[in-house]
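Please look over the sequence and the structure before reading on.

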Amino acid sequence: MPALGRLCGEIRQFLIQTVSKAGGHLASNLGAVELSVALHRVFDSPRDKFVFDVGHQSYTHKILTGRYEAFHTLRSEGGVGGFPRQAESEHDAFIGGHSGISVSAALGIAESLRLSGCSSKTIAIAGDGSFTDGAIYEGLNNAGKSKANLLVVLNDNGMSISKNTGALAAYLSNMRTSRKYYEAKIATKDFLHTKPLGKTVSSAVSATKQLVKNTVYYKNPQGNIFENLGFKYYGPVDGHNLAELIEVFELTKLIDTPCLVHVKTKKGKGFKPAERNSGEYHGVSARALAPTSPTYSEVFGREITRLAEADENIVLISAAMKYPTGCNYFNDRFPERFYDCGIAEGHAVTFSAGLAANKNIIPVFAVYSTFLQRGFDRLLHDAAIEKQHIVLAIDRAGMVGEDGETHQGLYDTAMLSCIPDVTIFSPANDRELRECLRRALYEIEGIAAVRYPRGVAAVDNGQSTVDSYVLTARGAYAGKLAITYGRLAERIEGDCDLLRLVQIKPLPEESIAAAMGYSDIIFCEEGSERGGIGEAFLLELVRRGWRGSYDVRGVTGFVPSASVEAQLGRIITPL
């Protein structure tokens with residue numbers, strides 16, 4: 001055991017050194033070191049299957065499964081990914097970029113193994129934040145009544161779920177997580193069932209044990225939610241005590257039906273700055289350098305707070321992303337008007353629509369583009385049909401760089417464009433972001449979206465506009481036009497005029513009329529080529545009788561980890 005303790009210390013230092021240079025998720029991984037080491041000590045990957053939820057706590061797992069030498073390439077182009085992927089390693093049983101998926105995926109894997117006659121264990125490792133996602137309870141509900149050889153590990157680093165009380169409860173917890181106790185329990189039960197009246201005695205013992213457990217161990221006399229769903233529950237267990245972790249995981253190897261182990265850990269363990277402020281160290285930029293200028297998220301956060309000073313009807317909603325989306329400024333000033341819905345984007349959309357149903361309230365939902373996808377059904381049915389006025393502040397729109405395929409913000413324009421009566425703005429700098437936010441709040445009915453990219457906000461260079469588009473004549477060839485929106489405009493070079501859209505849906509009628517005078521049009525889009533704004537613009541031109549050469553340069557396929565500039569290079573080529 002001392003050797004394993006030293007290994008954990010070495011891994012923790014290696015993570016701090018590597019993530020500070022390459023960037024990545026630090027606090028969550030520091031908290032899961034002993035947990036990951038214990039799991040790999042007890043179980044045999046890849047025979048036993050590991051499913052991480054969310055996958056940004058999987059770094060130790062990756063280090064232990066053959067990726068130590070390449071770990072310095074973390075989140076770089078062609079390097080080790082920031083999340084588990086089957087394509088990267090046979091030890092990654094399932095992709096894990098978004099939360100709430102682990103139990104459903106692990107149940108499917110476990111059932112497939114059972115049907116093929118394999119006795120392997122499937123382990124779902126879920127952070128307590130994932131338990132604010134309703135999807136995980138759909139998985140638990142089905143898994144608990146199954147016969148799957150499934151272990152769910154709840155990595156609880158802040159949320160109290162099954163609270164024990166007093167020294168006796170702690171004793172019972174230790175006893176129930178003892179392998180010797182469980183082996184003795186099985187042997188006693190088997191012995192009783194061979195004797196006359198044995199089954200009756202066994203039933204009486206079980207009833208007495210359950211009464212004691214319900215009376216002493218659980219605050220809720222009906223038991224905890226996991227046992228009520230059909231799981232054998234063990235814990236809470238100290239997630240930084242290797243002996244306790246190994247003991248309880250060895251116990252679960254004896255059980256071939258669904259189990260849940262509740263592990264208590266400390267986020268940021270072993271790195272004092274991350275322990276004190278795990279939110280700040282959730283995601284660390286490369287070389288841990290904070291940007292010297294405000295990011296788009298900060299510009300949004302400060303502006304929505306300023307607007308709320310004068311308008312008490314503005315409320316702000318986040319889905320467990322208070323700091324990354326800049327909502328902390330609003331929360332500090334107006335905590336009674338700020339709502340963190342947890343990792344539950346669908347709920348957050350419907351909650352916003354419910355707030356908007358009271359026509360005085362203006363809800364603003366700040367959300368990553370990639371996570372807004374999880375709320376599509378709610379946007380369509382709960383907000384759009386009744387034209388509820390909600391404002392979507394869509395952060396990380398477009399390419400996001402090293403986070404890779406699961407986090408690219410490439411589908412929000414195509415997704416929102418197919419919903420009737422939605423207005424979408426795409427500002428190109430800090431001043432336009434503020435102006436678009438004001439217009440979304442006060443000039444639009446129904447759903448209004450303001451989308452902006454990750455990173456430092458471009459500063460107004462005097463070319464900002466309060467109009468819906470701007471046309472710049474800059475080429476000697478008057479018949480050629482490039483059309484784009486957002487930050488791509490400053491990257492487009494070529495012998496052509498440039499039309500930059502600020503409002504991208506509905507398309508400004510004047511912008512279409514202006515484009516009618518060109519015979520050669522290229523549309524550059526930091527989003528999906530299919531179903532995006534480029535196709536919509538072409539449709540409007542054709543409807544008006546335009547005939548000419550037209551090309552859309554957008555994103556096709558999934559975009560892997562790389563720098564943002566390299567990813568944008570997939571779109572911007574010489575025109």
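## Basis of the model

The model is predicted; local features need pLDDT of at least 70, side-chain atom pairs count only at pLDDT 80 or more, and totals for chains, interfaces and linings use all residues. Residues are numbered from 1 along each chain as its sequence is written, and side-chain values use heavy atoms, with hydrogens and water left out.

## Overall picture

The protein has 22 helices and 17 strands; these are DSSP runs numbered from the N terminus, helices being H or I with at least four residues and strands E with at least two. Of its 575 residues, 55% are buried, where buried means under 20% relative accessible area, exposed over 50%, and partly exposed in between (1.4 Å probe, protein chains only).

Among contacts (heavy atoms within 4.5 Å) with a separation of 6 or more, 75% are between residues 24 or more positions apart.

The buried residues are Tyr 59, Thr 60, His 61, Lys 62, Ile 63, Thr 65 and Arg 67. They pack against helix 1 (2–22), helix 2 (27–31), helix 3 and strand 1.

Ser 58 is in the loop between strand 1 (49–53) and helix 4 (59–67). Ser 58 counts as buried because its relative accessibility is 0%. Apart from residues up to four places away in sequence, Ser 58 touches Asn 29, Phe 52 and Pro 84.

## Helix 3 and its two partners

Two packed helices are described by the angle between their axes and the distance between the axes. Axes are lines fitted to C-alpha atoms, for helices over the stretch in contact, and angles run from 0 to 180 degrees between N-to-C directions. Helix 3 (residues 33–42) packs with helix 4 at about 40°, with the axes 8 Å apart. The two are therefore oblique; angles under 35 degrees count as roughly parallel, over 145 as roughly antiparallel, 65 to 115 as roughly perpendicular and the rest as oblique. Val 33, Ser 36, Val 37 and His 40 of helix 3 meet Thr 60, His 61, Leu 64 and Thr 65 of helix 4. By class, this contact has three nonpolar, five polar and no charged residues. Ala, Val, Leu, Ile, Met, Phe, Trp, Tyr, Cys and Pro count as nonpolar, Asp, Glu, Lys and Arg as charged, and the others, Gly among them, as polar.

The axes of helix 3 and helix 11 (residues 242–253) come within 9 Å and cross at roughly 40°. This pair is therefore oblique too. On the helix 3 side the contact includes Glu 34, Leu 35 and Val 37, and on the helix 11 side it includes Leu 242, Leu 245 and Phe 249. Nine nonpolar, no polar and four charged residues make up this contact.

## Val 367

Val 367 lies in strand 8 (residues 362–368). With a relative accessible area of 3%, Val 367 is buried. Its C-alpha atom is separated by 7.4 Å from that of Leu 392, 25 residues apart along the chain. Leaving aside neighbours within four places in sequence, Val 367 is in contact with Thr 325, Glu 345, Leu 372, Ala 393, Ile 394 and Asp 395.
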